[in-house]
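Colleague: Could we go through this structure together, beginning with the terms?
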Amino acid sequence: MASKNRSVAGIIFANMHDSTITDLTKLRTTGSVPFCGKYRLIDFPLSNMANSGVSSVGVITKSNYQSLLDHLGAGGEWDLSRKTGGLLLLPPFGNAADGYASGGLYRGRLEALANVIRFIERVPDEYIIMCDCDVVTNIDFKEVLKYHIKKGADITAVYGRGSYNHDELRTKTVLNINQDELIYDVLIRPSATQLLSKTGTGGATEGENTRADANVSLNMFLMSKELLLSLVKECASRNLYNFEVDIIQHRCKEMKIFGYKCEGYYSQIDSILSYFRANMELMDARKRAAVFNADDPIYTKIRDEAPARYGLDACVTNSLIADGCIIEGMVENCVLFRGVKVGKHAVVRNSIIMQDAIIGEKCEVNYVIADKNVTLGSYRTLEGTENYPVFVDKGARV
């Protein structure tokens with residue numbers, strides 16, 4: 001990516017999936033949702049870009065972005081605080097002058113891109129990589145660029161292949177890819193019936209929990225700046241605003257859109273349950289090592305805290321404990337964010353407890369997601385299940 005004619009600029013959509021995890025995005029964007037003890041979801045695409053040599057990154061906001069601004073600052077943690085290029089926060093409003101009906105909040109990627117078209121035009125890079133904040137992975141975009149050039153692709157879409165039940169696939173975009181790795185059909189939030197007719201996964205009917213292998217879009221797209229500008233301007237003139245529908249789906253037969261398979265670990269967050277599972281999966285040392293490694297680290301905002309402190313009667317097993325925690329009870333299979341306090345004789349299992357939450361003495365907590373600054377008084381009991389964790393709103397007192 002260092003050569004002049006093959007450099008890449010980045011665009012990150014911070015709010016594109018707010019509606020899928022509404023409990024967590026009432027007061028924040030998807031990009032600023034806390035994850036895995038001390039990170040935010042935007043840290044993953046932003047760190048991947050920084051590690052891949054992308055030196056100009058625009059972050060497109062939409063609403064509830066105060067915590068995102070506070071987290072990103074000037075981009076210093078990602079080495080993007082620069083006089084030329086660096087990190088730039090872009091406005092959320094659609095632009096009527098670019099051909100759309102009104103200047104309100106954007107309806108989709110294309111409308112958002114039309115509003116920030118000056119940013120795209122000004123960056124000197126030949127290619128643009130676009131990412132959302134719903135995927136936790138560690139990926140090298142230099143390899144994606146090599147693949148894109150080798151294939152002579154118009155657009156390269158990064159995908160992951162995995163086993164999903166039909167309910168899970170209803171929130172995803174499924175890519176059908178031929179033996180030459182060319183995308184020939186796209187199913188957006190498909191039903192089980194559509195999957196059967198298109199992929200031939202036999203034996204299931206609508207609503208069944210049967211699992212099937214599928215290629216799922218990870219909402220990462222690479223293309224030349226010239227092509228992106230052309231598509232944005234054309235779609236603005238036609239009042240088209242949905243990139244997946246109007247470009248990836250409708251034009252896959254006329255354009256060379258290739259799929260690049262993400263070979264490493266990934267998790268896609270499109271529900272509270274998938275958020276819960278993604279946090280819990282990273283207690284597996286192998287998966288954690290695949291995401292967090294010394295060669296390509298995931299960066300985040302630094303918060304100076306004392307190390308976690310454990311009382312004489314504390315018992316902690318198989319858990320991720322961030323700095324600043326004070327634990328005097330039992331913690332098992334949990335993710336505790338910075339500054340969490342667990343009282344004496346409290347038992348916390350299979351839970352995600354976010355920053356500065358307080359669990360009182362002799363509380364019993366199991367399968368719970370507690371947002372920031374939650375306070376559980378002494379002798380309280382909260383219990384969900386593996387498939388239906390209890391969610392406690394930010395700042396709530398129980």
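Modeller: Helices (H or I, at least four residues) and strands (E, at least two) are DSSP runs, numbered from the N terminus. This is a predicted model, in which local features need pLDDT of at least 70 and side-chain atom pairs count only at pLDDT 80 or more, while totals for chains, interfaces and linings use all residues. Residues are numbered from 1 along each chain as its sequence is written, and side-chain values use heavy atoms, with hydrogens and water left out.

Colleague: What happens to the backbone just after H8?

Modeller: Asparagine 239 takes a positive phi of about 60° there.

Colleague: And what span should H8 have?

Modeller: Helix H8 covers residues 225-237. The expected span is 1.5 Å times one less than the number of residues, so its 13 residues should span 18 Å; the end C-alpha atoms are 19 Å apart, which agrees.

Colleague: Which residues of H8 are buried?

Modeller: Buried means under 20% relative accessible area, exposed over 50%, and partly exposed in between (1.4 Å probe, protein chains only). In H8 the buried residues are Lys225, Leu227, Leu228, Leu229, Leu231, Val232, Cys235 and Ala236.

Colleague: What covers them?

Modeller: The cover includes helix H3 (109-115), helix H4 (117-122) and helix H9 (243-249). Strand S6 (127-132), strand S8 (155-165) and strand S11 (211-224) also contribute.

Colleague: Let us change topic. Where is threonine 30, and what does it touch?

Modeller: Threonine 30 lies in the loop between strand S1 (8-13) and strand S2 (34-35). Contact means heavy atoms within 4.5 Å. Not counting residues up to four places away in sequence, threonine 30 touches Ala14, His17, Asp18, Ile21, Thr25, Leu41 and Cys133.

Colleague: Is threonine 30 buried or exposed?

Modeller: Threonine 30 is buried, with a relative accessible area of 2%.

Colleague: Now the rings: how many aromatic pairs are there?

Modeller: There are eight aromatic pairs. One of them joins tyrosine 39 and phenylalanine 44; this pair is tilted, at 6.1 Å centre to centre with 45° between the planes. Rings of Phe, Tyr and Trp (its six-membered ring) pair if their centres lie within 6.5 Å; planes under 30 degrees apart count as stacked, over 60 as edge-to-face and the rest as tilted.

Colleague: Which cluster do ring pairs form?

Modeller: Ring pairs link Phe35, Tyr39, Phe44, Tyr275 and Phe292 into a cluster. Both tyrosine 39 and phenylalanine 44 are buried.

Colleague: Finally, how many helices and strands does the protein have?

Modeller: The protein has eleven helices and 28 strands. Of its 398 residues, 54% are buried.
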